[in-house]
Amino acid sequence: MSTLNLSIIGNGSFNALIDPRGRIVWSCLPRFDSDPRFCALLHDHNDGEKGFYEIELLDCVEAKQNYRPNSAIVETVLTDKLGGMIQITDFAPRFRHLGRMFRPGMLIRQVAPLAGTPRIRIRVRPAFGYGQGRPEITRGSNHIRYVMPDLTLRLTTTASVTFILDEVPFVLERPITLLLGPDESFTQPVAETSREFLESTDQYWRGWSRSLSLPFEWQDAVIRAAITLKLCSFEETGAIVAAATTSIPEAPHTQRNWDYRFCWLRDSYFVVHALNALGATRTMEEYLSYITNIVVASSDGYLQPMFGIGLDERLDEQEVGSLAGYRGMGPVRLGNDAYKQVQNDGYGAVILASAQAFFDRRLERKGDIDLFRRLEKLGEQAAKRWNQPDAGIWEFRGKAAVHTYSAVMCWAACDRLAKIAAHIGQEKSAQAWTAKAAPMREEILHRAWNAGMERFVSSFEGDSLDAVLLLLPQLGFLPENDVRYVKTVERIEKELRRGPYLFRYGVADDFGVPETAFNVCTFWYIEALASLGRTDEARELFENMLAARNPAGLLSEDIDPKTGELWGNFPQTYSMVGMIHCAMRLSKSWEEAF
């Protein structure tokens with residue numbers, strides 16, 4: 001049965017998910033949104049016909065898996081019933097070479113005997129067309145070629161090609177190396193190449209981790225979250241995807257199966273905030289460059305809610321019948337029609353993210369008057385749309401409303417443009433944007449506050465709650481001690497909290513009433529408690545969320561409040577960012593700890 005007890009490896013060009021026994025069950029090549037060459041995560045048939053890469057230890061009775069410290073290298077130790085043991089080391093090469101980052105579309109697996117006489121079987125079964133087809137296979141003396149219509153992969157190995165092709169069990173008497181990647185020959189011994197790539201990749205990740213700004217507490221959790229965030233960054237364009245997968249349901253048998261291998265503008269503010277807190281300035285600057293490309297390409301300031309990692313605008317959604325889905329819970333979807341929606345919060349998210357370029361002296365590409373004028377076009381859209389219906393941050397497909405969060409983000413767009421203008425000496429522009437923002441704020445306070453229920457509500461003149469209202473102080477809309485905010489938090493925890501977890505909302509949507517808690521909402525709630533001085537409660541809930549991670553230290557989008565099982569696309573950028581924010585806010589200082 002498929003599970004989200006998975007580890008992720010990658011290098012900024014692609015990534016791969018590995019199950020507890022070292023089986024690669026998901027990997028899109030040559031980039032994050034490509035056809036999954038390994039797609040067993042969404043097939044889950046016991047006959048294993050489609051899309052996996054397995055190094056099987058026969059009669060295996062125990063499996064242990066971990067990351068190397070401060071690295072993106074995964075080590076899996078398998079033990080058989082007679083005490084035979086092997087270690088599988090998995091990684092994607094990433095290191096600086098000839099003045100630039102070397103990050104080929106290559107999976108490297110090293111397999112070594114540790115004890116006894118272990119017998120293994122290697123099965124390499126890539127697929128194409130979302131599991132529809134198997135590649136044509138040709139062999140060489142030390143390699144196997146998997147020829148697909150749009151890609152050819154070459155497996156170069158020190159193991160027996162015959163054993164791999166015939167999937168014959170054999171005794172692992174010495175370490176072997178398997179390099180699966182571009183259809184290119186090697187100019188030096190494969191084992192030596194693998195050792196060099198492993199050492200250089202490990203050095204890169206440990207060096208990158210050393211450069212991070214960390215809280216005193218929970219450093220291992222933050223480092224793992226930061227590395228995972230980096231692994232979701234498509235370095236060629238700077239894009240950061242919402243998750244590595246598509247169609248992992250938010251809850252069992254709900255049809256809430258979406259493709260998350262794209263970039264949502266609503267994420268930009270939160271991602272930039274987290275990267276800034278970590279001191280990951282280069283990754284942040286690359287992401288800001290991606291955002292700037294979107295801003296410059298918009299002639300009138302209109303923004304669709306999401307884009308592809310290559311700045312693709314059309315992301316048409318279709319169902320893929322060739323894969324049964326996670327645990328058979330289809331449909332499997334390719335693309336996401338949310339790009340067609342109206343989501344007015346994106347203007348504020350982009351401007352809040354872009355503001356970093358004007359105030360951060362560390363950045364090489366600083367904001368200037370030209371970027372400001374382009375951002376003003378977004379501000380004009382925000383000023384026009386702030387009180388208009390949209391699909392909202394949760395992308396309701398069957399209804400539209402004037403969502404409070406969207407309105408507040410449009411206000412934030414105008415408010416931050418005023419601050420940017422003042423900072424760069426554009427006083428008339430600063431006054432103009434302040435004049436736009438002030439009446440927006442007043443009307444939002446009037447129309448989003450339900451006096452009879454004593455709470456802010458999810459939409460103007462409405463009566464339902466939404467966890468995103470917890471962010472009002474973070475956005476500078478209200479002070480943390482505002483009595484209206486305090487009462488709203490109290491109502492949210494009464495209506496949306498289930499045990500230690502928080503739902504995003506409690507009303508029915510296009511697919512019924514939500515059944516799972518939304519992990520980032522729990523993190524927002526934790527931060528809200530901290531802001532209200534309820535620090536002990538916040539720390540307890542944060543520790544619970546850390547315990548909810550899978551054994552690799554990763555989180556998906558959702559969690560079942562009854563069983564603690566993870567659901568939703570994986571690993572979820574939003575969840576990892578929430579973890580980083582909470583750790584930074586709640587950690588004791590060095591001085592407090594001693």
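This is a predicted model: local features need pLDDT of at least 70, side-chain atom pairs count only at pLDDT 80 or more; totals for chains, interfaces and linings use all residues.
1. Let me start with a proline: Pro331 sits in the loop that runs between β22 (318-320) and β23 (332-334).

2. Pro571 belongs to the loop between β30 (566-567) and α14 (573-586).

3. Tyr130 is not a glycine, yet has a positive phi of about 50°. You will find Tyr130 in the loop between β12 (119-125) and β13 (136-139). Is Tyr130 buried or exposed? With a relative accessible area of 7%, Tyr130 is buried, because buried means under 20%.

4. Leu311 also has a positive phi, about 70°, although Leu311 is not a glycine. Its place is the loop between β21 (306-307) and β22. Leu311 has 30% relative accessibility and so counts as partly exposed.

5. Now for Asp90, which is part of strand β8 (residues 85-91). Its relative accessibility is 0%, so Asp90 counts as buried. What does the side chain of Asp90 make a polar contact with? The partner is the side chain of Arg109, at 2.5 Å. Leaving aside residues up to four places away in sequence, Asp90 touches Ile9, Ile18, Ala72, Ile73, Val74, Ile108 and Arg109.

6. On to the helix pairs. Two packed helices are described by the angle between their axes and the distance between the axes. For helix α9 (residues 404-423) and helix α10 (residues 427-448), the axes come within 8 Å and cross at roughly 160°. The two helices, α9 and α10, are therefore roughly antiparallel to each other, since angles over 145 degrees count that way. The crossing of α9 past α10 is left-handed.

7. Which residues meet where α9 and α10 pack? On the α9 side they include Ala407, Trp411, Cys414, Leu417 and Ala418. On the α10 side, Ala430, Trp433, Ala437, Met440 and Ile444 are among them.

8. For α12 (519-531) and helix α13 (residues 535-548), the axes come within 7 Å, again with a crossing at roughly 160°. That makes α12 roughly antiparallel to α13. The crossing of α12 and α13 is left-handed. The residues of α12 that meet α13 include Phe523, Tyr525, Ile526 and Leu529, and those contributed by α13 include Ala538, Leu541, Phe542 and Met545.

9. At the start of α11, a side-chain oxygen of Asp482 reaches to within 2.8 Å of the backbone nitrogen of Arg484.

10. Finally, which residues of α11 are buried? They are Tyr485, Thr488, Val489, Arg491, Ile492 and Glu493. The cover over these buried residues includes the strands β24 (449-450), β25 (455-456), β26 (497-498) and β27 (501-502), and also the helix α12 (519-531). So α12, which meets α13, is also part of what covers α11.

Key
Residues are numbered from 1 along each chain as its sequence is written. Side-chain values use heavy atoms; hydrogens and water are left out. Buried means under 20% relative accessible area, exposed over 50%, partly exposed in between (1.4 Å probe, protein chains only). Helices (H or I, at least four residues) and strands (E, at least two) are DSSP runs, numbered from the N terminus. Contact means heavy atoms within 4.5 Å. A polar contact is a pair of N or O atoms within 3.5 Å; within protein, one must be able to donate a hydrogen and the other to accept it, and residues adjacent in sequence count only if both atoms are side-chain atoms. Axes are lines fitted to C-alpha atoms, for helices over the stretch in contact, and angles run from 0 to 180 degrees between N-to-C directions. Angles under 35 degrees count as roughly parallel, over 145 as roughly antiparallel, 65 to 115 as roughly perpendicular and the rest as oblique. A crossing is left-handed if the near helix is turned anticlockwise from the far one by less than a right angle, and right-handed if clockwise.
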